[in-house]
Amino acid sequence: MKFQILLFLFCITSLKSLASEYKHLVKNDTTAVVAKDTTASDSMLIYWTEKNTFGMNLSEVAFVNWNSGGNNSVSALFYAGFDRNFEKDLTIWRNSASLRYGINAQEGREIRKTEDELRLSSSFGFRKDSTSNWYYSGKFSFNTQFSNGYKYPDTEVPISKLMAPGYTFLGAGTEYSDPVEDLTVYLSPITFKSTFVLDQRLANEGMFGVEPAVTDELGNIIKEGENLRTEFGFLVTSDFSKEVFENINLDNQLSLYSDYLNKFGNIDVDWQMAVNMKVNDFVKANVGTHIRYDDDVKFKEDTNGDGKLETSGPRIQLKQMLGVGVVYEF
């Protein structure tokens, strides 16, 4: 399997090299034959840019007769990113996909999940002239997770699953894009947000803001909970990237959303900030934070010690990350 992957990557690299050499020949050969072989599909390649990223962060702690004590542990984070962008004249189209999954194995306990994300986004923009940084823009995004989430150490009852929740945003507005500062700000007064909870047990509990099940006095379900919640509101997003020092980059992504029809002014926050440090072309280190707040996401905990999780109100969600690993980009 490893040999097949290496062979596949070798073939891709070889094809790219041949394409690069062919492009160079076309540029320097001015004969009629070259003009005849030029096709519309070849010219379209000029406007497309792509970037693929594969990475893995590892950390390990091992003890042998260690007087201070401690448990052996191994953590791994696997991630991949894909960007496909099109830009021609007054039109721009950006597409990206991000996949992340992390696990931790510690001596004396089961493997636990540390990170889980699947995120897709696409935005299309058109500007009135080549000097303007403002675009009329439409944007779509989707995010969910791959596997079950648990309130550890309880691994019997999941508190989240694939598409429980799942989120989509679809809207139109205006976007400011500054290529010099690598800053993008998107303002959408017309944004539809959909929350999917496709696990019926979680839907019956009313998790993630969907309508819960209707029950009688004995707790019997009369009507199943809803699997979809739709909102209409205002969305603001911002992406900023800057090299603050040599080989040290700051990335900041912020998303703010408020529903017009339900508690307008109550803002859902999704804020990620990361500092990426480049050791060489293949080894990189990063440190970052991820903050979330959603009024529809309720916190579950065992408040009375009976072994069952009770549902309480929303809380700020915070995640801190520190990693060193291998990254391959092409």
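The structure holds 14 aromatic pairs, where rings of Phe, Tyr and Trp (its six-membered ring) pair if their centres lie within 6.5 Å, and planes under 30 degrees apart count as stacked, over 60 as edge-to-face and the rest as tilted. One of them is the tilted pair of Tyr-150 and Tyr-152, with 6.2 Å from centre to centre and 50 degrees between the planes. Tyr-150 is partly exposed at 23% relative accessibility, and Tyr-152 is likewise partly exposed at 26%; buried means under 20% relative accessible area, exposed over 50%, and partly exposed in between (1.4 Å probe, protein chains only).

Phe-282 and Tyr-328 form a stacked pair, 6.5 Å centre to centre with 10 degrees between the planes. Phe-282 lies in the loop between strand 12 (267-278) and strand 13 (283-293), and Tyr-328 in strand 16 (residues 317-329), so the pair ties together parts 46 residues apart in sequence. Helices (H or I, at least four residues) and strands (E, at least two) are DSSP runs, numbered from the N terminus. Phe-282 has a relative accessible area of 47% and is partly exposed, as is Tyr-328 at 30%. Ring pairs also join Phe-282 and Tyr-328 with Phe-54, Phe-82 and Phe-330 in a cluster.

The model is predicted: local features need pLDDT of at least 70 and side-chain atom pairs count only at pLDDT 80 or more, while totals for chains, interfaces and linings use all residues. Residues are numbered from 1 along each chain as its sequence is written, and side-chain values use heavy atoms, with hydrogens and water left out.

A ring also meets a charge: Arg-100 lies over the face of Tyr-79, 5.5 Å from the ring centre. Such a placement requires NZ of Lys or CZ of Arg within 6 Å of the ring centre and within 35 degrees of the ring normal.

Which residues touch the most other members of the largest nonpolar core? Of its 13 residues, these are Tyr-167, Phe-169, Val-197, Leu-202, Phe-208 and Leu-235. Strand 6 (166-178) and helix 4 (200-204) are the elements that give two or more residues to this core. A nonpolar core is a set of buried Ala, Val, Leu, Ile, Met, Phe, Trp, Tyr and Cys residues joined through side-chain atoms within 4.5 Å.

Finally, Ile-92 belongs to strand 3 (residues 91-106) and counts as buried at 8% relative accessibility. Ile-92 and Ser-123 are 31 residues apart in sequence and 8.2 Å apart in space, C-alpha to C-alpha.
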